[in-house]
Amino acid sequence: DGLANVRRSRNIQIDGLRVDYDPLPYYQGAVKNIDIDKMTVDLVVPERYAVPLTGTCKNENPYFARSFCPDSPGARTGTSRSIYVTSVEALDDPRHIRLHVGQTTEGSEISRNIKPRLIAAKKERATEFIVPHRDYGHREGWTHISQSARVKFSNLRYYLAPYFWMRVKGNSGPVTFENVDLKMKHPETELLASWRDGFHIKNGRFGTLIDGCDMDGAAQYDDTFALYTRMHNVIAIDAENKTLSLDAGFRDHKDIYSWLEGDWVSVWNKNQTHLRGLARLVKLKDEPESEKRFHLTLEQLPSGIQPGDVVMNEEVLNRGTLIRNCTTSSTGAGPYASTRFRGSDVLLENNDFKMFNFHVEFNPFWGTPRSRDVRLKGCRFSAPRGGVKLSSPIGMLFEKCRFDQVGVSASSKAEKVVFRDSSWSNVSKMINAGPGSSMYLEGDIRVNGKDIRELDAKNYISGARGSVRLDGTVLEIKSAAKKPAKKKKK
């Protein structure tokens with residue numbers, strides 16, 4: 001169901017298409033009852049949709065509906081949760097159906113208990129559920145651009161797609177997306193634009209340009225913009241032959257295609273707080289019978305390497321990627337658009353992120369590295385839902401950015417993060433600096449319309465064991481008050 005499959009190609013352009021879907025990859029139904037004990041949801045489906053197919057989905061992909069709790073009565077924006085469905089049953093009428101809900105997120109990367117989500121949907125008075133078409137709703141539909149160069153997609157408008165997912169992987173030259181939009185066709189009634197993710201950009205040797213793309217993000221799972229590579233774990237060290245035995249850091253993602261002789265390879269400790277060194281790749285040897293194992297021979301081994309260290313290819317970090325003039329909206333069912341950056345040397349310029357979860361992510365579970373040198377210029381973030389979360393980036397710049405009802409939260413080790421000529425409005429807290437974080441406020445910094453130097457800055461900053469500097473001076477950080485310890489009963 002993908003639009004295109006571009007592999008090992010050059011000088012390709014796809015321009016001026018509208019992408020729709022028939023039959024619709026979903027239907028919506030008004031909630032009549034949610035039974036927590038029986039784990040069922042009863043819906044009535046309007047005439048504008050085909051009669052829902054009943055039974056069990058045979059697709060191998062996770063099969064999940066989404067609850068919808070409007071922001072206010074009649075609103076077409078609101079909160080939403082993924083509710084995994086095991087089967088669909090028709091009741092007294094083909095349009096009066098019952099969803100049988102599973103106990104866990106079966107088929108997902110991480111197993112979660114579904115019951116709390118169903119309880120929340122009932123408590124928050126969900127009015128509708130969005131349900132995938134049994135046969136077509138969650139089919140794989142990636143659009144592939146891989147190991148190619150000089151590829152351009154332009155003036156494409158998606159209205160509905162089971163998988164919008166752009167899989168942009170291992171490209172050696174420029175790839176451009178210009179005016180590639182995911183928009184709602186009938187936002188006055190509908191809640192979905194796409195079931196699954198946005199732009200997944202991996203292992204690029206050259207920057208990707210995403211320019212002027214408007215993303216409604218309605219019910220889109222996550223990752224509107226996701227840039228990443230994978231780390232690999234050192235299992236054994238052959239010092240005599242200058243060879244490292246590695247296991248892929250995540251599943252079977254060895255990404256053998258991405259390693260070329262002469263590439264610069266970096267070796268770090270597990271948490272990527274210490275660089276052991278850099279060396280050029282001389283030879284790669286795969287173990288095809290192994291899901292994870294392969295071997296790299298380097299010109300020289302950096303000193304101090306230990307089993308458990310991590311290795312990455314410095315040539316495929318998507319350096320030079322530019323995302324500019326893009327918008328996200330609050331249309332349809334949330335969670336809305338989001339991003340997870342795990343790349344380096346990325347620029348975001350003049351983007352308007354509404355209801356957007358901007359997450360610079362470092363998570364060893366996913367085998368992804370710490371982001372380095374991510375810059376944002378002239379970007380706007382607005383809530384009430386959404387936020388900016390920084391997980392262990394190294395060197396970030398927010399310049400002339402505006403945060404409306406949005407604070408910046410760094411859980412830990414957000415190092416050398418600079419805010420220059422930026423403003424926060426409608427906030428009680430602007431920054432939370434977690435352990436090991438170092439943040440800097442420079443130039444014209446405004447909070448709720450006033451120069452921060454006219455205010456008691458520490459009232460707008462919180463955290464624990466982090467530091468925030470204004471004009472080079474360390475500000476006092478207010479820590480959350482600890483509850484007094486309860487006395488043990490004798």
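The following questions and answers concern a predicted model.

Reader: In what order do the 11 strands of the open sheet follow one another?

Author: The sheet is open, and the pairing of its strands is parallel. In general, strands of a sheet pair through backbone hydrogen bonds. The order of the 11 strands is 1-10-12-14-17-27-30-33-36-39-43.

Reader: Which residue of strand 33 is the bridge partner of His359?

Author: Strand 30 covers residues 357–360 and strand 33 covers residues 387–391. These two strands pair in the parallel sense over four bridges. Within strand 33, the bridge partner of His359 is Lys389.

Reader: How many residues apart in sequence are the parts that the pair of Phe199 and Phe225 ties together?

Author: The model has 24 aromatic pairs. In one of them, Phe199 and Phe225 are stacked, with 5.9 Å centre to centre and 5 degrees between the planes. Phe199 belongs to strand 14 (residues 199–202) and Phe225 to strand 17 (residues 225–228), so the pair ties together parts of the chain whose separation in sequence is 26 residues.

Reader: Is Phe225 buried or exposed?

Author: A residue counts as buried under 20% relative accessible area. The relative accessibility of Phe225 is 1%, so Phe225 is buried.

Reader: What is the angle between the planes of Phe353 and Phe381?

Author: Phe353 and Phe381 are both buried. Phe353 lies in strand 29 (residues 352–354) and Phe381 in strand 32 (residues 380–382), 28 residues apart. Their rings form a tilted aromatic pair, 5.4 Å centre to centre, and the angle between the planes is 45 degrees.

Reader: Where is the charged end of Arg167?

Author: The charged end of Arg167 sits over a ring, 4.0 Å from the ring centre. The ring in question is that of Trp142.

Reader: Which side chains are joined to that of His253 by a polar contact?

Author: His253 is in the loop between strand 19 (243–248) and strand 20 (264–268), and its 14% relative accessibility makes it buried. Leaving aside neighbours within four places in sequence, His253 is in contact with Lys202, Arg230, His232 and Ala248. Polar contacts join the side chain of His253, at 3.2 Å, to that of Lys202 and, at 3.3 Å, to that of Arg230.

Key. Residues numbered from 1 in each chain as written. Predicted model: local features only at pLDDT ≥ 70, side-chain atom pairs only at ≥ 80, totals over all residues. Heavy atoms only, no water. Buried < 20%, exposed > 50% of the residue type's maximum accessible area, 1.4 Å probe, protein only. Polar contact = N/O pair within 3.5 Å; in protein donor to acceptor, adjacent residues only side chain to side chain. Contact = heavy atoms within 4.5 Å. Phe/Tyr/Trp six-rings, centres within 6.5 Å; stacked < 30°, edge-to-face > 60°. Lys NZ or Arg CZ within 6 Å of the ring centre and 35° of its normal. Pairing = 2+ DSSP bridges.
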